[in-house]
Amino acid sequence: MKISLSAAVSAATIAACLIVSTTSEGKRRKKSDGGSSSSSSSSNDNSVSDDSETFPLMPSGWLTAFPTIVQTGTKPTITWGINYPSIVEDYVTITPPGTVTADEDVDCEIRVLGAGVTVSSSNSNSFSFVPTEATMRYHTGSYSRIFYGTNHDVNPNRVVSSFVLQRNKDLNFGGRYYYGGWGPNYTSQSGTLNVRTLVNGMTPPSNIPDYNAPSLESFIRPYLGPDGKVKIGPMDVIVFMELTHSDSQMSNVGYDLQDMVLLVTFKSRASTQTNNGHGNNIDGIDSSNPGNAPFINLDTDPSVDDEGSGGGAAPSNP
């Protein structure tokens with residue numbers, strides 16, 4: 001039996017070149033794609049400016065070829081996937097003030113950035129943090145706790161909840177503080193403006209202190225730019241909560257939407273494609289798809305379906 005290592009390598013190289021060639025696309029292509037070894041110019045469907053941040057910054061992908069040794073004239077099984085530059089609005093819909101609905105299945109990770117509810121110490125100008133609770137509601141379920149503690153317990157690198165947000169399912173968020181008893185429970189479904197969700201590049205409500213304002217919590221500053229706009233990843237959503245004042249008190253300096261801040265990161269579940277080892281000849285004998293093929297047999301007649309009903313080369317073709 002003649003075998004060829006270069007056949008697999010060449011096929012993988014050609015496909016890889018085709019994937020790399022898509023990096024010439026200068027604008028964001030909506031969502032992720034997989035399996036097509038040809039590319040076309042993408043349209044700017046959502047009128048995003050050319051300098052908008054995307055993830056990834058340029059098309060990226062991966063490719064595998066198996067087996068790496070095949071019969072001369074046959075092709076290996078090639079599997080590949082491509083992620084096109086995108087932003088979070090390609091995958092979810094945000095309904096003000098704070099509901100997030102998936103437009104397709106996406107991976108979701110939630111982190112706590114800060115818990116800013118404080119009380120003043122008696123006979124002093126110092127403040128201390130009080131325990132604060134963050135909750136989440138998945139679609140029609142009940143609100144469940146994803147964090148409880150003070151700002152000293154916050155680790156912004158720790159994922160407090162991760163799951164798959166299914167298509168057409170929504171997320172809502174809420175919070176409250178505990179100081180001698182529970183304070184009001186505000187959620188993104190309360191009918192108030194106490195829970196807000198924003199994405200990269202948006203201007204936050206004026207109640208959030210300016211970037212250089214002394215009253216801006218230090219844990220928020222990394223997520224705001226000097227221009228006052230939200231500065232987070234292109235696949236992130238930031239959730240601001242005000243838990244000590246109702247939205248009827250927005251004119252009060254205490255209404256600053258810094259009492260609980262979450263970062264929600266979405267990741268596309270990129271589709272994967274494969275050629276299944278077929279297309280190498282008329283009957284597609286599985287000599288290049290070793291999961292189904294006895295390698296002792298040769299494809300002596302490509303016009304005959306040696307695989308019969310799909311179980312490998314037939315004994316009648318020795």
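Threonine 135 touches Tyr143, Ser144, Arg145, Ile146, Asn172, Phe173, Gly174 and Gly175, leaving aside residues up to four places away in sequence, where contact means heavy atoms within 4.5 Å. The structure is a predicted model, in which local features need pLDDT of at least 70 and side-chain atom pairs count only at pLDDT 80 or more, while totals for chains, interfaces and linings use all residues. Residues are numbered from 1 along each chain as its sequence is written, and side-chain values use heavy atoms, with hydrogens and water left out.

Threonine 135 belongs to strand β10 (residues 132–138), strands being DSSP runs of E with at least two residues, numbered from the N terminus. With 6% relative accessibility, threonine 135 counts as buried (buried means under 20% relative accessible area, exposed over 50%, and partly exposed in between, with a 1.4 Å probe and protein chains only).

A search of the whole structure finds three aromatic pairs; rings of Phe, Tyr and Trp (its six-membered ring) pair if their centres lie within 6.5 Å, and planes under 30 degrees apart count as stacked, over 60 as edge-to-face and the rest as tilted. Two of these pairs are set out here.

| Pair | Centre distance | Plane angle | Type |
|---|---|---|---|
| Tyrosine 138 and phenylalanine 163 | 5.8 Å | 75 degrees | edge-to-face |
| Tyrosine 148 and tryptophan 182 | 6.0 Å | 65 degrees | edge-to-face |

Tyrosine 138 lies in strand β10 and phenylalanine 163 in strand β12 (residues 159–165), so their pair ties together parts 25 residues apart in sequence. Tyrosine 138 is partly exposed at 27% relative accessibility, whereas phenylalanine 163 is buried at 18%.

Note on methods
Helix = DSSP H or I, 4+ residues; strand = E, 2+ residues; numbered from the N terminus.
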